[in-house]
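Here is a short tour for anyone meeting this structure for the first time. Take a look at the chain, then read on.

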Amino acid sequence: MNDTASNGQPIAVVLLSGGLDSMVTAGIAREAGFAVHALTIDYGQRHRREIGYAAGIARHLEVARHVTLPLDLTKFGGSALTDDIAVPKEGVGDDIPVTYVPARNLVFLALTTAFAESSG
């Protein structure tokens, strides 16, 4: 596989959520001269604006490739991020928080690895 974009730039793959951390990561990669390939995962999260933010960031940074992948994690249930469950405002307790989506980040990393492979 080729590890450079069609214009000869090295490729950086970024999991672009629409949040601050991934935006800064994509910006640093772009500034460092990488052709950014961004993956956004639409996992059924209640905060739909994140998907729009990710698209806007991708446009602003002029990423070389942006894919929004639909993945229905609502079927797992039990999370305030994907179900009709109130998000607690009182802070973190001793138990697993109700905002936890089972293995979400593990699933995201596996999908990002596949995306990276397909990106070269």
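## A helix and its cover

Cover here is judged by contact, meaning heavy atoms within 4.5 Å, and buried means under 20% relative accessible area, with exposed over 50% and partly exposed in between (1.4 Å probe, protein chains only). Helices (H or I, at least four residues) and strands (E, at least two) are DSSP runs, numbered from the N terminus.

Before going further, a word on where this comes from. This is a predicted model, where local features need pLDDT of at least 70, side-chain atom pairs count only at pLDDT 80 or more, and totals for chains, interfaces and linings use all residues. Residues are numbered from 1 along each chain as its sequence is written, and side-chain values use heavy atoms, with hydrogens and water left out.

## The chain as a whole

Step back and the chain has 3 helices and 3 strands, arranged along the sequence as β-α-β-α-β-α. Its C-alpha trace spans about 50 × 25 × 25 Å along the principal axes.

Of the 120 residues in the chain, 30% are buried. Among contacts with a separation of 6 or more, 65% are between residues 24 or more positions apart. The accessible surface comes to about 7,500 Å², and 57% of that belongs to carbon and sulfur atoms; these areas come from the Shrake-Rupley method with a 1.4 Å probe, where for residues only the protein chains shown count as cover.

## More on α2

Which residues of α2 are buried? They are Ile51, Ala54, Ile57, Ala58 and Leu61. Seen down the axis of α2, these buried residues fall within an arc of 125°, so they line one face of the helix. (The arc is that of the directions from the helix axis to the C-beta atoms.) The face turned away from that buried side carries Arg49, Arg59 and His60, which are exposed.

α2 has 13 residues and reaches 18 Å from its first C-alpha to its last, close to the 18 Å expected at 1.5 Å a residue. That expected span is 1.5 Å times one less than the number of residues. Just after α2, Glu62 takes a positive phi of about 55°.

## Over to α1

Now for α1, where Ser22, Ala26 and Ala29 are buried. Looking down the axis of α1, its buried residues sit within an arc of 60°, so they too line one face of the helix. Their cover includes β1 (11–15), β2 and α2 (49–61). On the other side of α1, Leu20, Asp21, Ile28 and Glu31 are exposed.

Gly33 follows α1 with a positive phi, near 100°.

Ile28 belongs to α1 (residues 20–31) and has 53% relative accessibility. With Leu20, Met23 and Val24, Ile28 makes a nonpolar surface patch of about 370 Å². Patches are made of residues with over 30% relative accessible area and no salt bridge: like charges are joined within 9 Å, nonpolar side chains (Val, Leu, Ile, Met, Phe, Trp, Tyr) within 5 Å.

## Charged pairs

Side chains of opposite charge can pair when their charged atoms come close. A salt bridge is a side-chain nitrogen of Lys or Arg within 4 Å of a carboxyl oxygen of Asp or Glu, and the count by this rule is 2.

How far apart are the closest N and O atoms of Arg30 and Glu62? They are 3.1 Å apart. Arg30 lies in helix α1 and Glu62 in the loop between α2 and β3 (65–70), so the pair ties together parts that are 32 residues apart in sequence. Arg30 is partly exposed at 29%, while Glu62 is exposed at 57%.

Arg48 pairs with Asp42, with the closest N and O atoms 2.7 Å apart. Arg48 is partly exposed at 42% relative accessibility, whereas Asp42 is buried at 19%.

## Two residues to look up

Leu15 lies in strand β1 and is partly exposed. Leaving out residues up to four places away in sequence, Leu15 touches Ser22, Leu39, Ile41, Phe108 and Thr112.

Phe34 sits in the loop between α1 and β2 (35–42). Beyond its neighbours within four places in sequence, Phe34 is in contact with Gln9, Pro10, Ile11, Ala12 and Ala29.
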